[in-house]
Amino acid sequence: MTRNPAVRRLADWSPGDLRDLAAEYGTPLYVQDLDRVRENYERVAAAFPDARIHYAVKANAGRAVLRALREAGAGAECASAGEVYRALDAGFEPSEIHYTAVNPPARDLDYVLDAAPDATFVVGARDTVDRLAERGFAGRLAVRVHPGVGAGHSEAVATGADAKFGVPHDEAAAVIGDAVDRGFDVVGVHAHVGSGMLTDDDVAAHREVVERLAAVARNAPADLEFVDAGGGFGVPYRPDEEPLDLGSVADATRTALADVDADLVLEPGRYFVADAGVLLTEVNTVKPTDGATLAGVDAGMTTLLRPALYGAHHEVRSLAPDAADRDTDAVDVVGPICESTDVLAEDRRLPAPERGDLLAVGNAGAYGVEMSFQYNSRQRPAVVALDGGEDSLARERDGFDSLTAPER
Ligand SMILES: Cc1ncc(COP(=O)(O)O)c(C=O)c1O
Ligand SMILES: N[C@H](CCC[C@H](N)C(=O)O)C(=O)O
């Protein structure tokens, strides 16, 4: 394989190694390859040599991932107090943290002000500025702008077009001016197109977002240190999708910011971790139907929510040692949850499944374990980290006790 290829497909993982990991750690199991995380980071850093890169922690907040990216040179972009807690735990300095608060609960504001007062608070509403002022804070502030243009892998994540996020771009200058007058150190402006930009059209939408941001930056009544052009760098989930052309994202970003005198900040999440992760799951039930054969597996929507939530596509591969010798079949991969939407993959051509087979689900490193939950009293899965070819348990599988421990 070439050094640091732009995309790692599911077929590039060694079936034997994955079978060994499943045998040692059990299933369902997330496998996260930290070497690949570092490669992905280096590729972005090379495409944007002058940018400050903050990792969007929400994509995968595992301690091993956070440490690897901090050591590679990233800062942290945190969407909640809990993410700030985890970033601090992983060794990020408060000054390396951007806290992008969306309608932050009071408890979140109080925690971050106490634990990381030197963080940069990225606010998307006047009310958040007021609430910070009420708490006596007048530190580093950036204003998130609602650009009114979005793009992403599905409409649900075309965040730039969703008014929940950010101050309308034609009101941003006034919000910045008010904050300066009240003594805040207004250091930046921010916008984010959405999640999963991949095509030329998506990159064009990103460029439009950054152009609107540049217009705000040029007129801002403050001496801005940075312009944060967000994240959203997509990865191919389907075999026929091409990898994101990072060069064209860099050109679009640079052109849009040509006459803005401030550092560029970026905050990708998915791009660093998605293809560095796979989910391993075991077939426990095979059921022929009039349509596809159902392969019942031990991972479901509570393990990997994306297919049920967005109709997201994840590649699935049979790791059965004799997979190549089997006839193929149309297969639906379904989980153990009492919901009809508990389908990980629909109508795939796969080697005819058998009980005990191991399946690998690709691109599971982003928004996988992070969005797992305990509905049906399922236990969240274990995570194993690969680092320099060595595997180690990064997160224990939830025990049954995790279900009742918080109860009083
Ligand atoms: C403000 C902000 N920044 C960055 C990201 C990261 O997005 P992605 O993982 O698509 O790069 C998100 C997505 O949640 C976001 O809302
Ligand atoms: N909040 C993100 C979208 C997250 C999408 C992610 N949860 C996924 O699984 O694709 C955004 O504003 O762009």
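## Around Cys 338

Setting aside residues up to four places away in sequence, Cys 338 touches Tyr 375 and Asn 376, where contact means heavy atoms within 4.5 Å. This is a predicted model, in which local features need pLDDT of at least 70 and side-chain atom pairs count only at pLDDT 80 or more, while totals for chains, interfaces and linings use all residues. Residues are numbered from 1 along each chain as its sequence is written, and side-chain values use heavy atoms, leaving out hydrogens and water.

Where does Cys 338 lie? Cys 338 is in the loop between β14 (328-334) and β15 (343-351); helices (H or I, at least four residues) and strands (E, at least two) are DSSP runs, numbered from the N terminus. With a relative accessible area of 64%, Cys 338 is exposed (buried is under 20%, exposed over 50%, partly exposed in between, using a 1.4 Å probe and protein chains only). An unreviewed UniProt entry places the feature "active site" at Cys 338; such annotations may be inferred rather than shown by experiment.

## Around Lys 58

Now to a lysine. UniProt, again in an unreviewed entry, places "modified residue: N6-(pyridoxal phosphate)lysine" at Lys 58. Lys 58 is found in the loop between β2 (52-56) and α3 (63-72), and its 32% relative accessibility makes it partly exposed.

Which residues is Lys 58 in contact with, leaving aside neighbours within four places in sequence? They are Glu 77, Ala 79, Glu 83, Tyr 367 and Glu 370.

## Helices α4 and α5

Helix α4 (residues 81-89) and helix α5 (residues 106-115) pack at about 25°, with axes 9 Å apart. Axes are lines fitted to C-alpha atoms, for helices over the stretch in contact, and angles run from 0 to 180 degrees between N-to-C directions. The two helices are therefore roughly parallel (under 35 degrees; over 145 is roughly antiparallel, 65 to 115 roughly perpendicular and the rest oblique).

From α4, Ala 81, Val 84, Tyr 85 and Leu 88 meet Asp 108, Tyr 111, Val 112 and Ala 115 of α5. By class, this contact has seven nonpolar, no polar and one charged residues (Ala, Val, Leu, Ile, Met, Phe, Trp, Tyr, Cys and Pro count as nonpolar, Asp, Glu, Lys and Arg as charged, and the others, Gly among them, as polar).

## Helices α2 and α9

Helix α2 (residues 34-47) and helix α9 (residues 246-256) have axes that come within 9 Å and cross at roughly 40°, which makes α2 oblique to α9. Arg 43, Val 44 and Ala 47 of α2 make the contact with Leu 246, Ala 250 and Arg 254 of α9.

Note on methods. Chains lettered and ligands numbered in written order.
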